[in-house]
Amino acid sequence: MAEKLTKQVPTNIITGFLGVGKTTAILNLLKQKPADENWAVLVNEFGEVGVDGAFLSEQGALVKEVPGGCMCCVAGLPMAIGINALLAQNPDRLLIEPTGLGHPKDIIGKLLSEHYENYIALNATITLVDPRNFAAEKYTTNQNFQDQIALADVVVANKIDMCNEQDRAAFDDYVRAAEIPKLALGYVEQGQLDPAWLMLPRVNRDAQFGHHHSHDDDDMPAFELEPGETFRRKENKGQGYVSCGWIFEPTTVFPFDALYGLFANLNAERVKAVMKTDDGMFAFNVVNQMVTVNPVSLDGVESRVEVIDKNPLPWDELEDILLSFIA
């Protein structure tokens, strides 16, 4: 373990299903951290490209990414490498964001193992939920969705400004029916988590199962461009979902309007991108064709886009469209 680490690092898992706003919530927490503290974030994405790390790095966090599926796979090696690298920098707090399709049970087990007992102080697990999801069986019948809530110490109804009374009542009824006492319940807009929730203790909780998928590449190498490449594509699948991602070399410039139109009309459950455009660098966040765009001040980084859905999309056609924008 890291030679410089002199204390147990307070650690929280921030979990929740696809598109619920985990990265936005962590960004807001980083904006509220004490100025004299260094926080670290281990972010895990289902797709192979890794987009969220770019957002988080902009806020000055120490960031490590584990792309390509559940970070606890492969005997925990990708997760352990990421955690060890972050702990070596002696952070004041560690936040862990699993993929929305991941299961927190095995991550909790890893953090509580003998290997980390002297280095990590595991606090409350915080689960974000979009109350509108309770109206769709694809969420309510998903075991990961259920277990993310069951394992939470703090359950937060996010995007409450987009919900109606029925949505909120469905959230309240589900949590109440679960008969699992929570340390706190929250109702927030745009991921505005209360930093005090990070200080709450962890409670031993149970869930139905852990993760049950695997990867082809045991070492899960970083997805990056080779010398001379202008772009690269990679696909992934698991937990009933598929993804396809592209990375483009840093000098590639996309037309903003064309990108926005493409993402708004792309019938996919989730799209994330950080793209260099003719109007500047922007982060695109798309959930069920609802597009959010924010400027980012990242310089010299590759443009990245990741698309996630239940079924494969015409990836070749989508690639041709992206390439036509820069032809």
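Biologist: Why is glutamine 190 called exposed?

Modeller: This is a predicted model, and in it glutamine 190 has a relative accessibility of 54%. Exposed means over 50%, so glutamine 190 counts as exposed.

Biologist: Where does glutamine 190 sit, then?

Modeller: In the loop between strand E8 (184-187) and strand E9 (231-238).

Biologist: What is the phi of asparagine 90?

Modeller: Near 55°, and that is also a positive value in a residue other than glycine. Asparagine 90 lies in the loop between helix H3 (77-87) and strand E4 (93-97).

Biologist: Why is asparagine 90 called partly exposed?

Modeller: Its relative accessible area is 25%. Buried would need under 20% and exposed over 50%, so asparagine 90 is partly exposed.

Biologist: On to leucine 111. Is leucine 111 buried or exposed, and how do you know?

Modeller: The relative accessible area of leucine 111 is 2%. The cut-off for buried is under 20%, so leucine 111 is buried. You'll find leucine 111 in helix H4 (residues 104-111).

Biologist: Which residues is leucine 111 in contact with, leaving aside its neighbours within four places in sequence?

Modeller: Thr11, Ile13, Met79, Ile83, Ile96, Tyr116, Ile120 and Leu122. To count as a contact, heavy atoms have to be within 4.5 Å.

Biologist: How far apart are leucine 111 and methionine 79?

Modeller: In sequence, 32 residues; in space, 9.9 Å from C-alpha to C-alpha. Contact goes by heavy atoms within 4.5 Å, so Met79 is on the contact list of leucine 111 with that C-alpha distance of 9.9 Å.

Key. Residues are numbered from 1 along each chain as its sequence is written. This is a predicted model: local features need pLDDT of at least 70, side-chain atom pairs count only at pLDDT 80 or more; totals for chains, interfaces and linings use all residues. Side-chain values use heavy atoms; hydrogens and water are left out. Helices (H or I, at least four residues) and strands (E, at least two) are DSSP runs, numbered from the N terminus. Buried means under 20% relative accessible area, exposed over 50%, partly exposed in between (1.4 Å probe, protein chains only).
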